[in-house]
Every structure is written in C-alpha cells, then in structure tokens.
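Open the model in your viewer and keep the sequence panel beside it. We will go from one selection to the next.

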Amino acid sequence: MSKETIILFVGDVVGGIGRRTFEALLPSLRERHAATFVVVNGENAAGGIGITSKVARELFAAGADVITLGNHTYRHREVYDYLDSEERILRPANFLRSQPGHGWCVVERDGIRLGVVSLSGNLFMNASRPAFVEADAVLNALEQESVDHVLVDMHAEATSEKIGIGWYLDGRVTAVVGTHTHVPTADARVLPGGTAYITDAGMTGPRGGVIGVKREQAIESMLTRMPVKFETSSEDPWLNGVLIRAAEPMRATAIEPVLEPAPGVH
Ligand SMILES: [Fe+2]
Ligand SMILES: [Fe+2]
C-alpha cells in the first residue's frame with residue numbers, strides 16, 4: 001500500500017483580499033488536512049485581474065507549490081518574463097506556443113511526483129488551440145517524467161466542456177478540477193476510472209461581490225449597459241477549493257469541497 005497523497009486545490013484567488021484570505025487560512029488548512037501539495041489558481045490575484053511576479057512570489061511564499069492561470073494571464077506585461085523563467089507558474093497549455101509561459105510542470109515532495117497541467121476551454125474562451133487534443137499531447141510528454149499523479153486545471157466557461165474533459169481524462173489523471181466561473185459546484189466525485197472531478201472549485205475572495213467585483217459596480221454595469229470601472233469587493237472573504245486524496249498512482253480515492261470563511265480578513 002503506497003502512502004496517501006493529498007492535494008489541496010484552491011480556486012481563483014481574487015485581489016489582495018483573496019491573497020490575504022489564502023495566506024491567513026493556508027497554514028491551518030495544510031496542517032489539518034496534511035496536504036502533500038497545494039495548487040492554486042492565481043489568474044485574478046493582482047488587483048482582481050491577472051498576476052504579477054511579485055504577487056506570484058507572495059503566493060509561493062504563502063505555501064503554494066504550483067500556480068495555475070487562465071484567460072487573464074497576460075493582463076500585466078511585467079509578468080511575461082517570469083512566466084518563461086519560473087517553472088511552477090502555468091498558463092493554459094493550449095495557448096499558442098509563441099505566447100509567453102508554459103502549460104505544465106512537475107513538482108516533487110516526500111518522494112511523490114505530481115504533474116500539474118493548465119488547460120483553457122475553447123467554448124466562449126480565447127484559447128487558440130483545442131483543449132482535448134492538447135491534453136493528449138501533454139499526457140504523452142508527462143509519460144517521460146515518471147509522475148505518480150497528475151492534476152489538470154480546466155479553466156473554462158461551459159460546464160459541458162468541463163464535464164467532457166473530465167470523462168475524457170477519466171482513468172488517465174488523478175484529478176480534473178474546473179475553474180473560471182468562481183462559483184463552486186456541488187458535483188465533486190470520483191469518476192468510475194478513478195479520476196477526481198469537480199466542474200468548478202470556486203473562488204478565493206469576496207463572496208459579498210459579483211464573482212469578485214463590488215456588487216454595486218457590477219449591478220450598475222448590468223443595469224445601464226454602460227462602461228463601469230470595476231474594483232474588487234472586500235466583503236465576506238472565503239477560501240474555496242477541493243481536497244483530493246489518492247493512494248495508488250493516478251487514482252483518486254476521494255474529493256471533497258473546502259469552503260472556509262475568513263471573517264477576520266480585511
Ligand atoms: Fe478567475
Ligand atoms: Fe478566468
């Protein structure tokens with residue numbers, strides 16, 4: 001019987017409030033759940049949109065092993081070089097090869113090797129290459145890396161596309177977690193082939209806003225259909241994510257939501 005591997009995946013960290021929530025809650029979460037690895041989506045970590053190298057370093061210092069991104073990857077030009085040089089920050093693998101950064105990496109702890117893959121959906125998203133085809137290519141490449149587990153972050157708008165890739169990769173990876181919609185879904189389960197799956201892990205940030213934005217600004221925009229400056233809400237911060245347990249290579253035994261309020265964080 002091999003040692004249990006536990007992966008904590010944290011949904012999109014939104015702005016300073018999301019970072020402070022992550023930093024405040026992660027030490028106790030990591031200890032309570034004996035997490036081997038922490039993977040966090042950081043595509044909204046800098047001011048609510050995108051990420052900078054300083055903010056990425058902050059997330060790593062707080063305990064993230066790998067940072068995944070999404071459609072807001074290139075918001076801050078400053079981060080482009082960092083995306084190329086830092087192995088553990090990932091933009092979707094199915095972006096153009098000419099775009100800065102890379103889409104997968106391998107990290108190791110306690111003798112366990114975890115491959116992490118970032119993918120973007122194609123429906124209502126602007127990824128230039130097909131997610132399903134790229135998933136096969138990345139899994140082929142990972143075969144040379146003798147990984148014990150693989151976690152895929154499918155950053156996508158359409159629930160159908162996320163469920164589709166979950167089934168497509170079932171039995172071939174340890175977990176497929178959805179991100180981007182910022183709202184946790186109630187469908188976490190281990191698929192029959194052994195892949196832990198959830199359509200959306202949710203968001204680490206202010207639940208008092210509209211998927212991260214101050215609610216009065218979001219409502220004004222929807223009501224008036226005129227341009228409105230969006231700022232990150234600071235109301236009612238929560239950490240959303242999932243905990244994945246695995247014993248045998250590439251097989252999950254459980255996936256459970258992690259939904260933690262952070263009332264003391266401002
Ligand atoms: Fe996001
Ligand atoms: Fe997104």
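Begin with the donor residues of the iron ion (ligand 2): along the sequence they follow the spacing E-x27-N-x83-H-x24-H. Asn71 sits in the loop between β4 (66-68) and α3 (80-85), while His155 belongs to strand β8, so this pair ties together parts that are 84 residues apart in sequence. Keep in mind that this is a predicted model.

Now show the side chains around the metal. Glu43 (OE), Asn71 (OD1), His155 (NE2) and His180 (ND1) coordinate the iron ion (ligand 2) at 2.1 to 2.2 Å. Check the angles among the four donor atoms: they run from 86 to 147°, and the site is irregular.

Next, select the iron ion (ligand 1). It lies 3.5 Å from the iron ion (ligand 2). Which residue coordinates both? Glu43 does.

Is His155 buried or exposed? His155 is buried, at a relative accessible area of 0%. Asn71 is partly exposed, at 27%.

Strand β8 (residues 149-155) pairs with strand β7 (residues 112-120) in the parallel sense, over seven bridges. Pick Leu119: its bridge partner in β8 is Met154.

Zoom out to the whole sheet. It is open, with six strands in the order β6-β7-β8-β9-β11-β10 and mixed pairing. At the edges are β6 (104-109) and β10 (189-190), each pairing on one side only.

Last stop: helix α4 (residues 131-142). Helix α4 lies across β6, β7 and β8, and runs at about 160° to β7.

Key
Residues are numbered from 1 along each chain as its sequence is written. Chains are lettered from A and ligands numbered from 1 in the order in which they are written. This is a predicted model: local features need pLDDT of at least 70, side-chain atom pairs count only at pLDDT 80 or more; totals for chains, interfaces and linings use all residues. Side-chain values use heavy atoms; hydrogens and water are left out. Two strands pair if DSSP finds at least two bridges between them. Helices (H or I, at least four residues) and strands (E, at least two) are DSSP runs, numbered from the N terminus. Contact means heavy atoms within 4.5 Å. Axes are lines fitted to C-alpha atoms, for helices over the stretch in contact, and angles run from 0 to 180 degrees between N-to-C directions. Donors are N, O and S atoms within 2.8 Å of the metal (3.2 Å for Na, K and Ca); water is not among the atoms, so sites may look incomplete. Four donors count as tetrahedral if all angles lie between 85 and 135 degrees; four count as square planar and six as octahedral if opposite donors are over 155 degrees apart and all others between 65 and 115; anything else is irregular. Buried means under 20% relative accessible area, exposed over 50%, partly exposed in between (1.4 Å probe, protein chains only).
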